[in-house]
Amino acid sequence: MSRPVVISGPSGTGKSTMLKKLFDEFPTTFGFSVSSTTRRPREGEVNGTHYNFVTVEQFQQMIQDGKFIEWAQFSGNYYGTTVASVKEVTNAGKRCILDIDMQGVQAVKKTDLNARFLFVAPPSIESLRERLTGRGTETPESLEKRLSAVTAEMEYAETGAHDKVVVNDVLEDAYQQMKEFIFAE
Ligand SMILES: Nc1ncnc2c1ncn2[C@@H]1O[C@H](COP(=O)(O)OP(=O)(O)OP(=O)(O)O)[C@@H](O)[C@H]1O
């Protein structure tokens, strides 16, 4: 059974880009943990596949019981990832990758998931700004918000909290390093 791999790094550093390459190259190797939510299922959504749909009471009980790695509330609904949902992926013989932020990393470290941690660093803060601007997804406000979280992420990485740090300068090189790390165990 492979250990879950946690990928983190500042917004815009290229995590999604690298993960997309990985899933394209290995379409059947990886599995995704199913999130829990209190929002109503949409047309065609299957309980246990798209989400684990639960009631607010159930969700709150799960919080109290410490079932979640992380959870949050968006527009009136709860969303979260349970430790059990990650274990289900690995028990099914798939490799599980979690793409989460620093708080998520700290939370995973408190569980018994025995995960491995990869940090994707930008070549520089200036390059992050360029990438996020180039992605065309940010307003000036959301850009500044994302950039203001960068320092904390970088300082946390400097404490040695991760098993490996990959600098995403030349995408192909960074991708090869990420792949090596992921398949090392
Ligand atoms: N090595 C690279 N060189 C130049 N541009 C890159 C590189 N890697 C990714 N990019 C570009 O940078 C932008 C941000 O990348 P991406 O969306 O993958 O970041 P992310 O870390 O997943 O961000 P978020 O945490 O906000 O989801 C994208 O437009 C992507 O095409």
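These are my notebook entries on one predicted protein model, from the overall layout down to single residues.

**Entry 1: ground rules**

I number residues from 1 along each chain, as its sequence is written. The model is predicted, so I keep to its limits: local features need pLDDT of at least 70, side-chain atom pairs count only at pLDDT 80 or more, and totals for chains, interfaces and linings use all residues.

**Entry 2: the whole protein**

I began with the elements and found eight helices and nine strands. For me, helices (H or I, at least four residues) and strands (E, at least two) are DSSP runs, numbered from the N terminus. Next came the radius of gyration, which is 17 Å and close to the 16 Å from the globule rule for 185 residues, so the protein is as compact as a globular protein of that length. That radius is taken over C-alpha atoms, and the rule is 2.2 Å times the number of residues to the power 0.38. The C-alpha trace spans about 45 × 40 × 35 Å along its principal axes.

I also looked up burial, and 26% of the 185 residues are buried. A residue is buried if 20 or more other C-beta atoms lie within 10 Å of its own, exposed if 12 or fewer, and partly exposed in between, with C-beta atoms placed from the backbone. Of the contacts between residues at least 6 apart in sequence, 68% join residues at least 24 apart. Here a contact means that two C-beta atoms, placed from the backbone, lie within 7 Å.

**Entry 3: two domains**

How is the protein divided? I have domain 1 (5-29 + 95-183) and domain 2 (36-83), with bounds from an automatic or database domain assignment. Their centres, taken over C-alpha atoms, are 25 Å apart.

**Entry 4: the five-stranded sheet**

I traced an open sheet of five strands in the order β2-β7-β1-β8-β9, with parallel pairing. Two strands pair, in my notes, if DSSP finds at least two bridges between them. Which strands stand at the edges? They are β2 (30-31) and β9 (164-167); each has a single partner strand, so one side of each is left without a neighbour in the sheet.

Then I followed the pairs. β2 and β7 are joined by two parallel bridges, and Gly 31 has Cys 96 in β7 as its bridge partner.

**Entry 5: the four-stranded sheet**

My other open sheet has four strands in the order β4-β3-β6-β5, with mixed pairing. Its edge strands are β4 (52-53) and β5, each pairing on one side only. Strand β3 (residues 36-37) runs antiparallel to β6 over two bridges, and Ser 36 stands opposite Gly 80.

β5 (residues 68-74) and β6 (residues 77-82) are antiparallel too, with six bridges. Gln 73 is the bridge partner of Tyr 78 in this pair. β5 and β6 form a hairpin with two residues between them.

I stopped at Ser 75, in the loop between β5 and β6. Its phi is near 35°, a positive value in a residue other than glycine. As a reminder to myself, most residues other than glycine have a negative phi. Ser 75 counts as exposed because it has 5 C-beta neighbours inside 10 Å.

Asn 114, in the loop between α4 (102-109) and β8, has a positive phi of about 55° as well. Is Asn 114 buried or exposed? Asn 114 is exposed, with 10 other C-beta atoms within 10 Å.

Glu 88 is in helix α3 (residues 83-91) and counts as partly exposed, with 16 C-beta neighbours inside 10 Å. I noted that Glu 88 and Val 34 are 54 residues apart in sequence and 9.0 Å apart in space, C-alpha to C-alpha.

**Entry 6: around the ligand**

How many residues surround the ligand? I have 13, and the closest are Ser 11, Gly 14, Ser 16, Thr 17 and Arg 131. A residue is near a molecule if its C-beta atom, placed from the backbone, lies within 6 Å of it. The elements giving two or more residues to this shell are α1 (15-25) and α5 (125-135).

By type, the shell has one nonpolar, nine polar and three charged residues. Ala, Val, Leu, Ile, Met, Phe, Trp, Tyr, Cys and Pro count as nonpolar, Asp, Glu, Lys and Arg as charged, and the others, Gly among them, as polar.
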